[in-house]
Amino acid sequence: MATPAAITVAITGSIPTKANNPAVPVTPEEQVASAVDAIDAGATIVHVHVRDDQQRPSSDVNRYRTVHDGIKHERPDVIVQLSTGGRGRSPDERFSCLEVRPEMASLSTGSVNFATSVYENPPQLVEQQAARMLDLGIKPEIEIFDFAMLYTCVDLLKRGLLAPPPHVQLVMGIKNTLPPKESILDFFLSELRELIPDATWTCAAIGRFQLEANRWALRRGGHVRTGLEDNIYYEKGRLAQSNAELVARLADLCAEYDRYPASPAETRHLLHLNQITAG
Ligand code: ZN
């Protein structure tokens, strides 16, 4: 019997600009419109970063609120996940978006070297913000850029700083981090099943491996992520026309693996979001 797969669309991210692909939504209005089209194509979770007027990554809480509320206004059922990531900004700024009380927010449980900077998530910060999300009823998506982050997630869970079961996302293919390899996903899953058997998971990969990783995850019963944050191309040499175009292809792909795109209600049930009231 076909089983549901939750599709996350990462609409904007920190890096791509309109110079890379004119379809990258950067103003709040463009972001809401792009999210709505992607939702209508099959996405149930919208992962959001915001930009400033120069398209640079921003942590402006008002922008976050505008995009969050705009999406919820247009499609009240969908799950909005705000990013607490971001390059070169202080932790206080990065986590200010929690004030918006999204249903989900990203939480990386460790530090990692990106191509030109350290993505800094010291233990105290991770613990504080995990506790804060727990208090606010915000479900974290634990971002795993390196294996230590999985083991830290296990520790946080044991110490009651995460509500069980957690939802984790393996991210592969960012320069200088885990490469996009099916064998790495398999090792990740063997550790995850041993250490947190009831955890739910998504696998994401960057650039041309995005679609490949979608296939790996669908085959293994995981959830999937697409969108212009991770990949601006539809295929080699041809830019994606929109987030919705990438989502539509992924929604169609589900059937090949006896999966189908989860509804918002199914996504909430699968990811144990039911107890949480969207803010
Ligand atoms: Zn992101």
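Which residue with a positive phi follows H7? The residue is Gly-221, with phi near 85 degrees. The model is a predicted one, and the points below are grouped by topic.

- The buried residues of helix H7 are Gln-210, Ala-213, Asn-214, Trp-216, Ala-217 and Leu-218.
- An α-helix has 3.6 residues a turn, so residues three or four places apart point the same way.
- The search for cavities of 30 Å³ or more gives a count of 1, and the volume of the largest cavity is about 40 Å³.
- Its lining is made up of Gln-210, Leu-211, Asn-214, Thr-226, Asn-231, Leu-246, Arg-249 and Leu-250.
- At least two of the lining residues come from helix H7 (210–219), and at least two come from helix H8 (243–253).

**Aromatic rings**

- The model contains 5 aromatic pairs.
- One of these pairs, Phe-114 with Tyr-119, is stacked, with 5.3 Å between the centres and 15 degrees between the planes.
- Phe-114 and Tyr-119 are both buried.
- The pair of Phe-147 and Phe-188 is tilted, with 6.5 Å from centre to centre and 50 degrees between the planes.
- This pair joins distant parts of the chain, since Phe-147 belongs to helix H5 (residues 147–158) and Phe-188 to helix H6 (residues 182–195), 41 residues apart.
- Both Phe-147 and Phe-188 are buried.
- A cluster linked by ring pairs contains Phe-114, Tyr-119 and Phe-145.

**Cysteines**

- A disulfide is a covalent bond between the sulfur atoms of two cysteines.
- The whole structure was searched, and 0 disulfides were found.
- Cys-97 is in no disulfide, and the nearest cysteine sulfur, that of Cys-153, lies 19 Å away.
- With a relative accessible area of 0%, Cys-97 is buried.
- Cys-254 is likewise in no disulfide, the nearest cysteine sulfur being that of Cys-203, 14 Å away.
- Cys-254 is buried, and its relative accessible area is 0%.

**Backbone geometry**

- Most residues other than glycine have a negative phi, and most peptide bonds are trans.
- Arg-101 has a positive phi, near 60 degrees, although this residue is not glycine.
- Arg-101 lies in the loop between helix H3 (91–94) and strand S7 (104–108), and this residue is partly exposed because its relative accessible area is 38%.
- Asp-258, also a residue other than glycine, has a positive phi near 60 degrees.
- The loop between H8 and strand S16 (259–261) holds Asp-258, which counts as partly exposed at 43% relative accessibility.
- The peptide bond that joins Pro-164 and Pro-165 is cis, with omega about -10 degrees.
- Pro-165 is located in the loop between H5 and strand S11 (167–172).

- Is Ala-148 buried or exposed? Ala-148, a residue of helix H5, is exposed, with a relative accessible area of 52%.
- From Ala-148 to Ile-174 the separation is 26 residues in sequence and 16 Å in space, C-alpha to C-alpha.

Key:
Residues numbered from 1 in each chain as written. Predicted model: local features only at pLDDT ≥ 70, side-chain atom pairs only at ≥ 80, totals over all residues. Heavy atoms only, no water. Phe/Tyr/Trp six-rings, centres within 6.5 Å; stacked < 30°, edge-to-face > 60°. Buried < 20%, exposed > 50% of the residue type's maximum accessible area, 1.4 Å probe, protein only. Helix = DSSP H or I, 4+ residues; strand = E, 2+ residues; numbered from the N terminus. 1 Å grid on protein atoms, 1.4 Å probe; cavity = no way out; pocket = protein on both sides within 12 Å on 5 of 7 lines; lining within 4 Å. Points joined across faces, edges and corners; volume = space filled by probe spheres on them. Disulfide = S-S within 2.5 Å.
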